[in-house]
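Please read the briefing below alongside the sequence and the coordinates.

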Amino acid sequence: MHDPLVISGIRTLRWSGGEAVLCAGDALAGLPERPGDAFAAIFIGDRRMLAAGPGPLPSLDGDEVLLVSLDTAFLLEAAGLEWHPQLSFLGFCDAGDEVAWLMAEALRRECIERAHCPDYARRLAEIVAIRLAGRHVRIDSDQPLQGGLSGHRLRACIDHIERNLHRDIALDELAGLVGLSTPHFSRAFRRSLGEPPYRYFRRRRIERAKLLLAETDQGIAQIALECGYAAQSHFSSAFKLMTMTTPAAWRRARQST
């Protein structure tokens, strides 16, 4: 069960890549600020949707509202889009999308009833992401790209990371590889790929692990070592944090399909 947090009448349901918060409209302003890379929508009882980007949330009069927050990476992956430095979110206040509304209503029931399997909320949120991305994501490709890594430097970093997923890589090691200071490199890397180096490295380790789980019969302990985890327990914790399931359960699910 993915029990939601219930605090002072506020129900919070989380999954890997986002969360849904069910509360009274006037309680929104008291919630924590959204992360800088979060895309969010507020679903209101009269079938309206409002944009709720980073920063303080509005205070709304009236009855219950549902706030659905999606990490940028989750939104783009679900919608089949690639991150771009000129990506931005369009503000909106409209009657919404019927399919998005149906998925939001299912998330609202999840917050209250907790009646489904653990990845159910994530699947609902993926559909919300697909519907919202089509209408509210824009790429200002006419603006010049500045501040990222040059092509050869980016390729060198990615190649080095791929060859060394089995061990830890220090940030200054990557910075030295391309001849930049550590702070400059970190900013440029994020500008180029939309996520900081440590997060990219961690994600690539888990993606490599998924490939080995799906296409080999290696034991989970051996896969953990090949992906840079000294202990199987550390690997399982990192895998579950990113996928909301364990390596063994993920492998069984892939085999069954």
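At roughly what angle do the axes of α1 and α3 cross, and within what distance do they come? The axes cross at roughly 80° and come within 8 Å, where an axis is a line fitted to C-alpha atoms, for helices over the stretch in contact, and angles run from 0 to 180 degrees between N-to-C directions. This is a predicted model, in which local features need pLDDT of at least 70 and side-chain atom pairs count only at pLDDT 80 or more, while totals for chains, interfaces and linings use all residues. Residues are numbered from 1 along each chain as its sequence is written, and side-chain values use heavy atoms, with hydrogens and water left out.

**Helix packing**
- Helix α1 is roughly perpendicular to α3, a label that covers angles of 65 to 115 degrees.
- On the α1 side the contact (heavy atoms within 4.5 Å) is made by F74, L75, A78 and A79, and on the α3 side by R122, A125, E126, A129, I130 and A133.
- Helices here are DSSP runs of H or I with at least four residues, and strands are runs of E with at least two, numbered from the N terminus.

**Hairpin**
- Strands β2 (residues 10–15) and β3 (residues 18–24) run antiparallel and are joined by five bridges, where pairing requires that DSSP finds at least two bridges between two strands.
- W15 stands opposite G18 in β3, and G17, in this hairpin with two residues between the strands, takes a positive phi near 115°.

**Cysteines**
- The count of disulfides is zero, a disulfide being a pair of cysteine sulfur atoms within 2.5 Å.
- C23 counts as buried at 3% relative accessibility, and C227 is buried at 0%, where buried means under 20% relative accessible area, exposed over 50% and partly exposed in between (1.4 Å probe, protein chains only).

**A loop residue**
- M244 lies in the loop between α9 (232–243) and α10 (247–256), and its phi is positive, near 65°, although M244 is not a glycine.
- Most residues other than glycine have a negative phi.
- M244 counts as partly exposed, because its relative accessibility is 33%.

Note on methods
Parallel < 35°, antiparallel > 145°, perpendicular 65-115°, else oblique.
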